[in-house]
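Q: I have a model open and would like to go through it piece by piece. Can you take my questions as they come?

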Amino acid sequence: MIKYAFKRLLQSLLTLFIVVSFVFLLMRLLPIEGYFGDRFQKMSPGEVEAGLQKMGLLDPWYAQLGKFYAGLAKGDLGVSFIYRRDVAVTKIIAPRIPYSMGFGLTAVAIAMISGLAMGVGMAKNKGLFPDKLGTLYIVFVHAVPLAVYLLFVQLYGSSLLGLPILFDKHRPVSWILPGISMSLNGIAFYAMWMRRYMVDELNKDYIKLARAKGLPNGAIMVKHVMRNAYVPLAQYLPAAILATIGGSIYIESLYSIPGMGGLLVDVIQRQDNSMVQALVLIFSSVGIIGLFLGDLLMALFDPRIKLVKSEGAR
Amino acid sequence: MSLTWRAGGGIIFQFCTGGRTLPGYSLREVLKVKSRALLAAGLVAGLVLFSASAADKKSADYVGVYSGEISTLNYLVSGSTSDQEMAANMIDSLVEYDRFGILKPCLAASWKNSDDGLTWTFTLKPGIKWVDSKGKEVADVTAQDWVDAALYISTKANASQIADVLTSVIKGAQDFYDGKITDFAQVGVKAKDKLTLEYTLTARVPYFLSMLTYVSFLPVNGKFLADKGASFGTDNTAILYNGPYLMSVYEPQSSRELIKNAKYWDLANVLIPRLIYKYNKEAATLGPELFLRSEIGYAAIPSSILDTWMKDPAKKAQIHPAKTNTYTYFYALNFNPKFKPEFEPDNWKAAVNNLAFRKSLFSALDRKAALLTEEPYAPERRMQNTVTPRGFVSAAGKDYVDMGELAAIAKKDSFDKAAALKWKAQAMKELAGKVTFPVKILMPYNSGSTEWTNRAQVIEQQLEALLGKDYVDVLPQAFPPTGFLGATRRAGNYALQECNWGPDYADPQTYTDPFAKGSNYNWPELATGYGTKDKPVYEDLIQAAIAETKDMAKRYALFARAEAYLIGEAMIIPYKNGGGGWEASKLEPFAAPFAPFGMSELKFKGQTVLAKAPNAEEYAKLEAQWQKDRTAALAKVK
Amino acid sequence: MKAPDQAATLAADAALFEFADYDAGEGERGGYSNYSYWKSTTKMFLAKKTSLFFLVLLGALLFFTFVQPFVPGQRSPTTIFQDPATGMQFRNVTPGAQFWFGTNSIGQDLWSRIWSGTRTSLLIGLTVGLAEMLIGIAFGAVWGYVRRLDRVMTEIYNVLDNIPTTVLLMLLAYIMRPSFKTMVFAMCAVGWLGLARFVRNQIVIIRDREYNLASRCLGTPARRIVLRNILPYLVSVIMLQTALSIPGTIGWEVFLTYIGLGLPVQIPSLGNLVNEGRMIMMSPELRYQLIFPTVITSLITISFYVLGNSFSDASDPRNHV
């Protein structure tokens, strides 16, 4: 077990290294004028050169890469040059993570509880009206573009319920709408997944046997069906939780939530290299850790799975 | 661990299936009851919270949303307008403009200029203080503050984006920037004593005073700057304030708040107690809705929903046209074509050097039709017949655009169907055999702008319909927004393109910068057929005007002549000025400082927040009144 | 019993019996079942009313999308129409007799724009889907079958999988300047991973089965084994993945347009149209500009989704009767 974990760790570090370097090099291909915005028109060549020098872009690419990793080893993620000039990247990112995670975790919790319950309800009433209603909801959420129905919910939800349009951290009532909006997609996902899973399971022979033996419905659900459902759920859950760090770009830009969601898009558009590198590093690490934790949890729950020999690629 | 998981799952399932907890009820009924109860509880809680949280903004405050976050509060390095908007309201300069555009003393009580015009001496007002973000006094404002600011800006390692404004006029500053001299004492900015500041220029600059309102000439407390080092300007506690407002709350990507500076020297003129800004990336979409719900005091109305608002009387009563600004837009004809052979650059070059051909294009462009794509109501107010806008500068009681030959051009709309066809006939005669017709006209546009895309199509269809497809073949080409100018105008990769320019100082010379030799707009110096006495080279005309630094009326007249020449020879086609559109705004119009360039229009000093947004008629009345008062005030100055 | 009665009974029931002749051919015939995988799949697929409905709907949509330009009386999607009476552009005209879907805020005909946009988006979706399929299968097959390359390719896969998709898409769009080709290239670059991994997993499971070992012993080249033995098993799942990737591509296109890296504005696409419509959501009389593109996008997404799921259900042999 320990040996396996160690091997995975090394592999992950290597992957991270390659990913970050690859993105680093990609960023070097961006046009120079993008670094200066509108002012570029009126800047003299000397000023442009001074600006590039300050951003460290005039050194050869291997020197830049080396500097970045040297800083990283000391725990320094670099300094932002364009997004917030001269401010340490960690100082910019740190206050934003709690917002994203706060909303994200709430949304995951709501989605899981409501979605799983809904899925169970749908499976139990397969073919009847609740099932059809649920399917309609799931189809609607998947079909209509996210950008559209989120704005719709914001504008009409806020006017119907009398809630403020924008998020304000001093007014708890403004937290409701973003939280619910964020979970809409998740509810549909969990409901659909649970329904399909339950339909599959309930048709299996061992369930028939349990019923024949006289086990009540509730006990079948808990002892057999749900017990088996935990395994794939557990594999997915850590990744989902960690993914909340990334925030939802749509929700955060619509409600003005100072989270991580729009940050990535923003810093790529403004070509703030140090921020992009730091964010790629964070998101990739989060993804890798999530997968690893998922595999661990899965192995814990399901005695049939042995981690050492895994057929699938991770 | 598995036990707790099972138990947890069991609880969820007991709840859902109602198997053990509520015997006798089916799942559906359980869910129905439970969800109804939850919904009711939620609503009640929501209502309670909602009524409990009282609105904490008063009606005299200004609340707005913005989508462009500031990148730094270090006003000595930043070139972006959003950053400068903050500096304009937090730091005062030596001089300022009042609401009629007349220069008045600000932090400088008086000034004098030496006879040769190279030395300016400013005497500061005593008793001005630097305060920190809590309003506590930290230091006095002294002349040394301007020297320290100039030193910081002129140091190349600080990578200031606005250094060139300073280094181009102050003696020795460019050398210091390039590292040719290392002793800052040799640079022409000195603090003679605590309240006396002296600037020495490289050459006489008639508009020097107007430059002082720009960020490059703001003061900074040297000791504080040295203490903070690299973290200067990184948040609101890392700068000092001497202006009308100080920043009390700074939460990037969330909100910021400016409050009145209680120690400000001109407190009586600061009428809005708080400026509250909320960040929202979707400000363009949500702004009008937020305005309707009275959550903010200003929203720009995009042209896509303008019609809806104009048709609804309740909404129409809240909007008025927005001010235009001094940005100028024109269509440039390229004398240095460097584009792909498929667009026939040599053919274009031969055609563009023919005066009749250029004049046919000049007269054929229906600017009003083009302007309708972005300004559907009253497009005439943005149409401009000259490059320099009206109201920019005036001398000897006459506005610049009314001087000399420029006056006739300023009054006449260039669009003239009959003249266009006449010039076409003449051009075809003169160029027969030298040029293949139809002449291909490569017209790039920025594919990221819907309005520009549509305008390109409108112009293409309009020019070809009027002049005939046998004469010209307009080819609009889309270029992406990233690196747009580098790929098109700067590289000479266009035949006809819509360009813009903003003034850098209050003198007509600024509007000649794009066409001067060494610039990268349309290279008029490469036009053939000039250099004789009747047809002087445009560059010479500019140089003659620049040389005149003593007599302002004469100087402006020479510039007016040069501009009339440029337009008369149809080297460019003036189009429109910037700004415009419609807005819903509770800010009192025409009360803010007015200036033809710079940051003055970003200031909130002197403005109030009205109870109701003025509608179009009220706005027009206020504007007429302002024009009258302005003329009277200008007359008094002369 | 009495012997003379027996013979009489037998003679009377002779009509009920006939001789069973010995037929040599019958003995050769093996166990026969007229089960055909594809026939059964098709039958199951078409049996469900919903899938039939969506199949017809999607077919009609696709057909009309590509036929629309040839229908007489259609307008160009990019031309700006001006009212000859006033000289002003036909801005924000509500749907009616002259403009079936109305016009947008600049005077372009929404009906032709929507069909042109659907064409563009579908083209992107189909191209990307096809490219993903080819690249994914090729990469996955090589990865799964050739043991020596397994370590290297797993590492490559891990690296590519861990680059956040958003970052890669955005960077590619910035570097290569937004255009049709850029979008297709960027989405292909990002999308083939899932299919490759799946193909690889399946191949790893199947490659050691006895019939494949037998083929190897007989000297069949690897390529033929992969193509003839293994891939036919995976067809159903590959089709499902490809079908589901098309609405996914449209979703990514809407996202890229939202952040400003979509197709240039003069090329109508569903992403562009939806985002333009978003701006005017609160104006009731302009809402048609949002409803039409959203409805079409939703219909396409639902259709591919439902069809994909039905097909995967139908092609699962366990569901075959």
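A: One definition before we start: the expected span of a helix is 1.5 Å times one less than its number of residues. Also, this is a predicted model.

Q: Fine. How many residues does helix 8 of chain A have, and how far does it reach from its first C-alpha to its last?
A: Helix 8 of chain A covers residues 176-202, which is 27 residues, and its end-to-end C-alpha reach is 37 Å. That is close to the 39 Å expected.

Q: Where is the kink in helix 8 of chain A centred?
A: The kink is centred on Leu184(A) and comes to about 35°.

Q: What else is in chain A, by helices and strands?
A: Chain A has 13 helices and 0 strands.

Q: Which domains does the assignment give for chain A?
A: Domain 1 of chain A is 2-95 + 262-292, and domain 2 is 98-258. The C-alpha centres of domain 1 and domain 2 of chain A lie 35 Å apart.

Q: How many residues of each domain of chain A are in contact with the other?
A: The contact involves 7 residues of domain 1 of chain A and 9 residues of domain 2 of chain A.

Q: Which elements give two or more residues to the domain 1 side?
A: On the side of domain 1 of chain A that touches domain 2 of chain A, they are helix 12 (261-269) and helix 13 (273-301) of chain A. Helix 13 of chain A gives the most to that side, with 5 residues. By class, the domain 1 side has 5 nonpolar, 2 polar and no charged residues.

Q: Switching to chain B. How many helices and strands?
A: Chain B has 21 helices and 22 strands. Its C-alpha atoms fill a box of roughly 105 × 70 × 55 Å along the principal axes. Buried residues are 43% of the 638 residues in chain B. In chain B, 68% of the contacts with a separation of 6 or more are between residues 24 or more positions apart.

Q: What does strand 9 of chain B pair with?
A: Strand 9 of chain B pairs antiparallel with strand 5 (residues 119-124) of chain B over 5 bridges. Strand 8 (residues 189-193) of chain B is also antiparallel to strand 9 of chain B, with 4 bridges. A hairpin through 2 residues joins strand 8 of chain B to strand 9 of chain B.

Q: Which residues make up the covered face of strand 9 of chain B, and which the uncovered one?
A: Leu197(B) and Tyr199(B) are on the covered face of strand 9 of chain B. The uncovered face has Thr196(B), Glu198(B) and Thr200(B).

Q: Last topic, chain contacts. How many residues of chain B and chain C are in contact?
A: 21 residues of chain B are in contact with 22 residues of chain C. Helix 9 (283-292), helix 10 (303-311) and helix 17 (450-467) of chain B each supply at least two residues of the chain B side. That side has 7 nonpolar, 12 polar and 2 charged residues.

Notes. Residues are numbered from 1 along each chain as its sequence is written. Chains are lettered from A and ligands numbered from 1 in the order in which they are written. This is a predicted model: local features need pLDDT of at least 70, side-chain atom pairs count only at pLDDT 80 or more; totals for chains, interfaces and linings use all residues. Two residues are in contact if their C-beta atoms, placed from the backbone, lie within 7 Å. Ala, Val, Leu, Ile, Met, Phe, Trp, Tyr, Cys and Pro count as nonpolar, Asp, Glu, Lys and Arg as charged, and the others, Gly among them, as polar. Domain bounds come from an automatic or database domain assignment. The bend at a residue is the angle between axes fitted to the seven residues ending there and the seven starting there. A residue is buried if 20 or more other C-beta atoms lie within 10 Å of its own, exposed if 12 or fewer, and partly exposed in between; C-beta atoms are placed from the backbone. Two strands pair if DSSP finds at least two bridges between them.
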